[in-house]
Amino acid sequence: MQAVVLEDIHKLSVQDVEMPECPADAILVKIEACAICATDVKVYRYGHKLIRPPRITGHELTGTIAEVGKELKGYQEGDRVAVAPAVPCGECYYCRRGLQTMCANLTAIGYHYDGGFAEYMVVPPRAVGNDCVNILPENVSFEDAALAEPLAAVLNCQEISRVNLGGTVVVIGGGPLGCLHAWIARAHGAAKIIMTELSPERLELSAIAEADVYINASQDDSVKRVLEETGGRAADVVIVSCSSGRAQEQAVGMVCAHGRVNFFGSLPKGNSTINLDSNLIHYKECFVAGTHGSAPRHNKLSLKLISKGITRVGNLITHRFRLAKFLDGIAVVEQGKGLKVIISPAKR
Ligand SMILES: [Zn+2]
Ligand SMILES: [Zn+2]
């Protein structure tokens with residue numbers, strides 16, 4: 001079969017590899033769509049501490065069941081499925097309390113196991129056993145289902161940082177995740193959504209988020225602008241959906257008393273110390289949290305929201321490529337020329 005194999009940092013190619021075998025307690029999936037994530041670009045550029053090459057990456061994936069392990073019940077060949085890539089252990093302190101994103105033994109498809117930039121992929125037994133395999137609702141397309149994973153991370157964030165009915169939400173970063181944040185904030189009943197973005201190109205693409213106010217952060221002082229837009233009160237929730245320490249520092253200046261700030265994007269390794277005025281937090285009694293990834297239940301909820309038309313994730317797709325053209329796809333993401341890029345391994 002064809003697959004994208006990461007052999008080393010900056011060494012990524014489409015190759016013919018051996019077809020994987022399906023263990024008795026696993027599922028073999030024929031991949032129909034796998035979206036490229038900004039993390040895939042990071043892995044390609046810098047490597048990842050959890051990936052031991054050679055590895056097939058790709059974690060925003062969906063497909064059709066091609067084979068069900070002999071010992072497994074509840075699934076059938078031909079079932080359309082989306083697989084939540086973060087695989088918790090189900091047994092540790094955090095898993096038992098329903099906080100699977102904090103699992104002490106967390107593993108992930110595309111990192112510890114081969115992922116979805118391939119014609120076929122084995123869903124590992126631990127993923128099957130921990131509720132990571134979801135049958136797609138009939139009206140959800142494969143392309144939309146591939147975006148259930150980034151949406152799940154957004155749901156996790158907004159659950160922790162409680163977007164309120166009638167509130168004002170600032171989203172810093174107009175990438176695909178920023179757009180999802182804007183839509184989900186709206187679904188939670190936010191009355192005013194303010195999006196800030198540095199890149200003019202991204203600013204244009206993020207029009208799709210239908211924020212109420214857009215701030216070009218390369219020209220305007222975004223803290224000052226948010227205060228103006230909120231009559232001096234500042235925002236109820238500020239979500240930092242980009243990888244910038246400066247944006248994290250500014251976020252605390254944009255949030256109101258008792259408001260919530262969420263550091264949704266991680267900072268580059270070795271460069272994650274920021275300069276925060278802690279008195280802002282002290283005197284505003286505000287809450288600064290972070291979130292990363294999602295639990296299996298967030299992925300289920302994602303598919304439900306997509307199926308009910310509450311979030312039209314498909315509108316984020318700007319580019320589509322066959323597996324053989326993967327390098328063209330990753331170039332689009334790397335250069336920030338599009339929002340979501342879908343790879344379709346099933347199409348030759
Ligand atoms: Zn992702
Ligand atoms: Zn665990």
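1. In which helix does Y94 lie? Y94 belongs to helix α2, which covers residues 93-96. Please keep in mind throughout that this is a predicted model.

2. Together with Y93, L99 and M102, Y94 makes a nonpolar surface patch of about 400 Å². Y94 counts as partly exposed because its relative accessible area is 36%, and partly exposed covers the range between under 20% (buried) and over 50% (exposed).

3. Next, the metal site. The zinc ion (ligand 2) is held by the SG atoms of four cysteines, C89, C92, C95 and C103, at 2.3 to 2.4 Å. The angles subtended by the four donor atoms run from 101 to 118°, so the arrangement around the zinc ion (ligand 2) is tetrahedral.

4. Along the chain, the donors of the zinc ion (ligand 2) are spaced as C-x2-C-x2-C-x7-C. C89 and C103 link distant parts of the chain, being 14 residues apart: C89 sits in the loop between β7 (86-87) and α2, while C103 sits in the loop between α2 and β8 (107-108). Both C89 and C103 are buried.

5. Finally, the sheet. An open sheet is formed by three strands in the order β2-β1-β4, with antiparallel pairing. β2 (11-16) and β4 (55-56) are the edge strands, each with a single partner, so one side of each has no neighbour in the sheet.

6. A detail on that pairing: strand β1 (residues 2-8) is joined to β2 by six bridges, and the two run antiparallel. D8 has K11 in β2 as its bridge partner.

Note on methods. Residues are numbered from 1 along each chain as its sequence is written. Chains are lettered from A and ligands numbered from 1 in the order in which they are written. This is a predicted model: local features need pLDDT of at least 70, side-chain atom pairs count only at pLDDT 80 or more; totals for chains, interfaces and linings use all residues. Side-chain values use heavy atoms; hydrogens and water are left out. Patches are made of residues with over 30% relative accessible area and no salt bridge: like charges are joined within 9 Å, nonpolar side chains (Val, Leu, Ile, Met, Phe, Trp, Tyr) within 5 Å. Accessible areas come from the Shrake-Rupley method with a 1.4 Å probe; for residues, only the protein chains shown count as cover. A salt bridge is a side-chain nitrogen of Lys or Arg within 4 Å of a carboxyl oxygen of Asp or Glu. Helices (H or I, at least four residues) and strands (E, at least two) are DSSP runs, numbered from the N terminus. Buried means under 20% relative accessible area, exposed over 50%, partly exposed in between (1.4 Å probe, protein chains only). Donors are N, O and S atoms within 2.8 Å of the metal (3.2 Å for Na, K and Ca); water is not among the atoms, so sites may look incomplete. Four donors count as tetrahedral if all angles lie between 85 and 135 degrees; four count as square planar and six as octahedral if opposite donors are over 155 degrees apart and all others between 65 and 115; anything else is irregular. Two strands pair if DSSP finds at least two bridges between them.
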